[in-house]
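Dear colleague,

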Amino acid sequence: MDTERSGHRAATGVPGTRELLDALASGDGEDHLRMADILAGLSRQVFGMLLFVSILPAFIPIPGVGGAISGPATVLVGVHLLVGMRRLWLPRFVARRGPRRASLQAFQRMLDPWLTRLERVVKPRLTALIEHRAAAMFTGLLLVLLGILLALPIPFTNYLFGSLLLLYAFALLERDGGLMLACWMAGIVAIVVFGILSGTLATAATQWLGGLLG
């Protein structure tokens, strides 16, 4: 299977998640990477990489900080997909900011065992669930809702939502519709359990809309 995956990558010229992460993590840990530079040169994988990098703060072990950063960034990715945008647009203040390379290096070490396991089963398949406009819009809707939930101060959920959103990013980066289907189901469960049943999502959405319209 590894040979088949490598052959597909070589044929399409599309790097895998590990290759992208290795490239970003390689270098001086004190370097500050701008989002515009991280996403430069990516086409089909740009939304997956933006989501991947956006989730990093969710794993900061400081209550309220990670979700406040990762949540809105996740919503931004979701909105792109929801409205059917094919090209990425970033506000200038976002494009100029980004993580330190040391943060990516630490994240790489944390993810390495999981990436090794995932790489054994993840591959480009059922790509219509990634590329079809209706499927991308549904993914975007789920990302918007999950991003709102991540931004809310719900105790002990940052790692849960962060891990789930990493799988969304991995599915987008690897063009794996099978994994995306599993992410859809897990996302719906998370939204129902933490958002709809608790009333948290409805309250947050009302406040956000009130702020926009006010």
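**Salt bridges, core and pocket**

E131 is partly exposed, with a relative accessible area of 33% (partly exposed lies between buried, under 20% relative accessible area, and exposed, over 50%, with a 1.4 Å probe and protein chains only). This is a predicted model, in which local features need pLDDT of at least 70 and side-chain atom pairs count only at pLDDT 80 or more, while totals for chains, interfaces and linings use all residues. Residues are numbered from 1 along each chain as its sequence is written, and side-chain values use heavy atoms, with hydrogens and water left out.

The structure holds two salt bridges (a side-chain nitrogen of Lys or Arg within 4 Å of a carboxyl oxygen of Asp or Glu). In one of them, E131 pairs with R175, the closest N and O atoms being 3.5 Å apart. This pair links distant parts of the chain, E131 lying in helix α8 and R175 in the loop between α10 and α11, 44 residues apart (helices are DSSP runs of H or I with at least four residues, numbered from the N terminus). R175 counts as buried, at 8% relative accessibility.

R125 and D176 also meet through their side chains in a salt bridge, at 2.8 Å from N to O. R125 is in the loop between α7 and α8 (128–131), and D176 is in the loop between α10 and α11, 51 residues apart. R125 counts as partly exposed at 33% relative accessibility, whereas D176 counts as buried at 0%.

The largest nonpolar core has 55 residues, and M49, F52 and Y168 have the most contacts inside it (such a core is a set of buried Ala, Val, Leu, Ile, Met, Phe, Trp, Tyr and Cys residues joined through side-chain atoms within 4.5 Å). Helix α10 gives the most to this core, with ten residues. Leaving aside neighbours within four places in sequence, F52 is in contact (heavy atoms within 4.5 Å) with residues including T17, L21, F107 and L166.

The largest pocket has a volume of about 560 Å³ (on a 1 Å grid over the protein atoms alone, a pocket is an open set of points where a 1.4 Å probe fits, with protein on both sides within 12 Å along at least five of seven lines; lining residues have an atom within 4 Å of a point; the volume is the space filled by probe spheres set on the points). Of its 20 lining residues, M35, V53, S54, P57 and I69 are the closest to its centre.

Technical notes
Helix = DSSP H or I, 4+ residues; strand = E, 2+ residues; numbered from the N terminus.
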